[in-house]
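Hi,

Here is the structure I promised to pass on.

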Amino acid sequence: TRLHLDGKVFEMLVWCNKVHWLGEAAPCRIVVLPNIESVPKRSCRLEEWQENIGFVAKHNPYVLVGMSAATWALMARPFRMPTLALALIGGSGEGKTTVAQILQSMVEPAGEIESFSGTEKGVRSRLQQIHDRPACRDEMRQAENMHGLVRLIFDIGNGASRATASSQSSSVQETALHCGLILANEVPLMELLAVHRVPVHEGVAARYFELHACAPMGMFHRVPKGQAAGEFVDHVKGQCAKYYGAYWNALVTRFSKKFDQIKLSFESDFSKIEASLTDGFEIPDVVTRRMIKGLASWAFAGRVAIELGLLKVEPSAVTEALRLVIGEHLQRLKHATTPMGEQVVNEVRNLIDRNAGKFPRLAEFHSVELSGICGYRHTVKGKTGERQTLYLILPAVFDELIGQRFGREAALRHLHQSGYLVSNVDGFQRQVRIPQPAGCPEQRKRFYAIDERIRFDSAN
C-alpha cells in the first residue's frame with residue numbers, strides 16, 4: 001500500500017492487522033480497520049515449520065523453485081518485478097498438489113487446495129482478495145472457460161484491472177490482481193487450449209511458466225531415507241494442515257526491517273542473477289527472454305529468503321534449481337523456442353499427416369478431378385543440391401486451420417524460426433511456377449511452403 005503525504009510517498013505492508021513500513025515510516029498514525037480480511041494466525045513457530053515442512057526444499061529443486069516463486073509475491077510490487085505465474089504439471093499421484101500444499105503452508109492452512117471450479121467472476125473475485133502473497137489453485141482444467149483462464153493470466157501478469165458495468169449501467173473499475181498465482185494441473189496449458197479450440201496468444205508464454213514433474217519421484221528428487229514416496233507425500237500433507245503461517249509472518253517482519261538494504265541489493269544484483277540463469281543456454285527469442293526475467297525475480301526472492309534465515313539451503317541451490325527447470329523447459333521445445341511455437345509446429349505436422357492424400361503433386365494442378373485439397377507436393381533442388389520435397393499449403397487453408405488459432409503472422413514467424421517455412425519472396429510466402437500444357441503462357445502462384453522434415457523426428 002502506498003500513502004501520499006506532503007509530496008512524499010510512503011510504502012507499507014499490512015499483515016495480520018499490523019502495519020509494516022517499507023523504508024521510512026510516515027509521520028502519522030495508521031489505523032487498520034477491523035473488517036480488513038485476514039488469513040488465520042500462524043499455528044507454529046518458524047523453527048517448527050522449517051523442521052516439519054521447510055526441510056523438503058533442501059534436496060528437492062522443484063520445491064525450492066516453488067518456495068522462491070511464493071516468496072516473490074511479497075516483493076513483486078515494492079520492487080516492480082516482472083510477473084510470472086507458476087504451473088505445476090504432472091499426472092495423478094506425481095506430487096503436484098502436495099507441492100502446492102507445501103507452498104500454501106508458507107502462508108495459511110494447507111489441508112486442501114482450492115480448485116478452479118466456479119464461475120470466472122467468482123474465481124476472479126476470490127483472487128482479488130489476495131494481495132502480495134501466493135494464491136494456490138488446483139485443477140485449472142475445471143475453469144469455467146479457457147478464455148477466462150487466459151484473461152486471468154494476462155491480468156495478473158500485467159497487474160491490470162478490468163472495467164465492468166454496474167447495475168446502474170455505469171462503468172466500474174475492478175480491483176487489480178496482485179497475487180502470485182500458483183496452479184496445478186495434469187496437462188499443459190497449450191493442450192487445454194487446443195482441446196477447447198481457444199486462440200493462443202504469444203504473450204502467455206512470457207507470463208506463465210510450467211514446471212513439469214520430471215524428477216525420479218514426480219515432483220520430488222529425494223525423500224527421507226527409509227520412507228517410500230507415497231508415505232512421504234501422505235506425511236507431508238498432514239504436516240501442511242498442522243504447521244502453517246510462520247514462514248510468511250517472519251518474512252513480512254524481516255523483509256520490512258531490512259527493506260532498504262534488500263532494495264539496494266536488488267538494484268545491483270538482479271542483472272547478474274539473470275545472467276547466471278542463462279549462462280550456457282541459447283535463448284534467441286524475446287518471449288522466452290521476458291520469461292527468464294520473471295524466473296530471475298524468483299531467484300532473487302529465494303536468495304533473500306535464505307539471507308533472512310527462512311530457508312535452510314545454500315544460496316547457490318536456488319540458482320541451480322532454476323537452471324535445472326530452465327534446461328528442462330528448453331529441452332521440451334523440440335521444434336521451436338516457445339510453447340506456442342512448439343504447438344504451431346505440431347499443428348502443421350498434424351495437418352499434413354492427417355491429410356497426406358490432400359496434397360497431390362503440383363503437376364496435377366490443372367486436373368478437374370481434384371477437390372477438397374489442402375495444397376500440393378512439390379520437389380525442388382535444395383540449397384546444397386539435394387532433392388527437397390515441399391508441402392505447398394493454400395493460403396486460405398492455412399488461415400482457416402492454423403491462422404485462426406494462433407494468428408497468421410505469429411504462426412508463420414514460428415515456422416520460419418524453426419526452419420520449416422521455405423520462402424522465396426518478400427514475407428513468408430513462396431512463389432511457384434505452375435506446370436502448363438505446351439504452348440500456354442507461364443503462370444505463377446503463391447503458397448506457404450513447408451519442408452517435409454516437419455513430419456519426422458530428428459535423428460538426435
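Before the sheet makes sense, one term: two strands pair if DSSP finds at least two bridges between them. Also keep in mind that this is a predicted model.

By that rule, strand E11 (residues 387–393) and strand E13 (residues 443–451) go together, with four bridges joining them in an antiparallel run. If you want a spot to look at, Tyr391 sits opposite Ile450 in E13. E13 also pairs with strand E12 (residues 430–434), again in the antiparallel sense, over five bridges. There, Arg433 faces Arg444 of E13.

Put together, these belong to an open sheet of four strands, ordered E10-E11-E13-E12, with antiparallel pairing. Strand E10 (375–381) and E12 are the edge strands, each of them pairing on one side only. From one strand to the next the twist averages 50°. E10 and E11 are joined antiparallel through seven bridges, and Gly375 has Ile393 in E11 as its bridge partner. Helix H14 (residues 395–406) packs on this sheet, where it touches E11 and E13, and its direction makes about 35° with that of E13.

Now for the whole chain. It has 15 helices and 13 strands. Along the principal axes, its C-alpha atoms fill a box of roughly 95 × 65 × 40 Å. Of the 460 residues, 51% count as buried. Taking contacts between residues at least 6 apart in sequence, 68% join residues at least 24 apart.

Strand E5 (residues 134–138) is worth a click too. Five of its five residues are buried, so E5 is largely enclosed by the rest of the structure. In a regular strand, side chains alternate between the two faces of the sheet. Which residues of E5 are buried on one side, and which on the other? Pro134, Cys136 and Asp138 are on one side, Ala135 and Arg137 are on the other, and both faces are covered. E5 runs parallel to strand E8 (residues 180–185), and five bridges join the two. Asp138 has Ala184 as its bridge partner in E8.

Next, helix H10 (residues 259–278). With 20 residues at 1.5 Å a residue, H10 should span 28 Å, and its end C-alpha atoms are 27 Å apart, which agrees. H10 does have a kink of about 50°, centred on Asp269. Just after the helix, Gly280 takes a positive phi of about 90°.

Which residues of H10 are buried? They are Phe259, Ile262, Ser265, Phe266, Phe270, Ile273, Glu274 and Leu277. As a reminder, an α-helix has 3.6 residues a turn, so residues three or four places apart point the same way. The buried residues of H10 pack against strands E2 (8–15) and E3 (18–22), and against helices H9 (246–257), H11 (286–307) and H12 (315–332).

Last, the aromatic rings. Counting rings whose centres lie within 6.5 Å, I get 15 aromatic pairs. In one of them, the rings of Phe266 and Phe300 have centres 5.2 Å apart and planes at 70°, so the pair is edge-to-face. This pair links distant parts of the chain, with Phe266 in helix H10 and Phe300 in helix H11, 34 residues apart.

Tyr376 is in strand E10 and Phe447 in strand E13, so the pair ties together parts 71 residues apart in sequence. Tyr376 has 6% relative accessibility and counts as buried; Phe447, at 0%, counts as buried as well.

To finish, ring pairs link Phe79, Phe255, Phe259, Phe266, Phe270 and Phe300 into a cluster. Of these, Phe259, Phe266 and Phe270 are among the buried residues of H10 listed above.

Cheers

How values were computed:
Residues are numbered from 1 along each chain as its sequence is written. This is a predicted model: local features need pLDDT of at least 70, side-chain atom pairs count only at pLDDT 80 or more; totals for chains, interfaces and linings use all residues. Side-chain values use heavy atoms; hydrogens and water are left out. The expected span of a helix is 1.5 Å times one less than its number of residues. The bend at a residue is the angle between axes fitted to the seven residues ending there and the seven starting there. Buried means under 20% relative accessible area, exposed over 50%, partly exposed in between (1.4 Å probe, protein chains only). Contact means heavy atoms within 4.5 Å. Axes are lines fitted to C-alpha atoms, for helices over the stretch in contact, and angles run from 0 to 180 degrees between N-to-C directions. Rings of Phe, Tyr and Trp (its six-membered ring) pair if their centres lie within 6.5 Å; planes under 30 degrees apart count as stacked, over 60 as edge-to-face and the rest as tilted.
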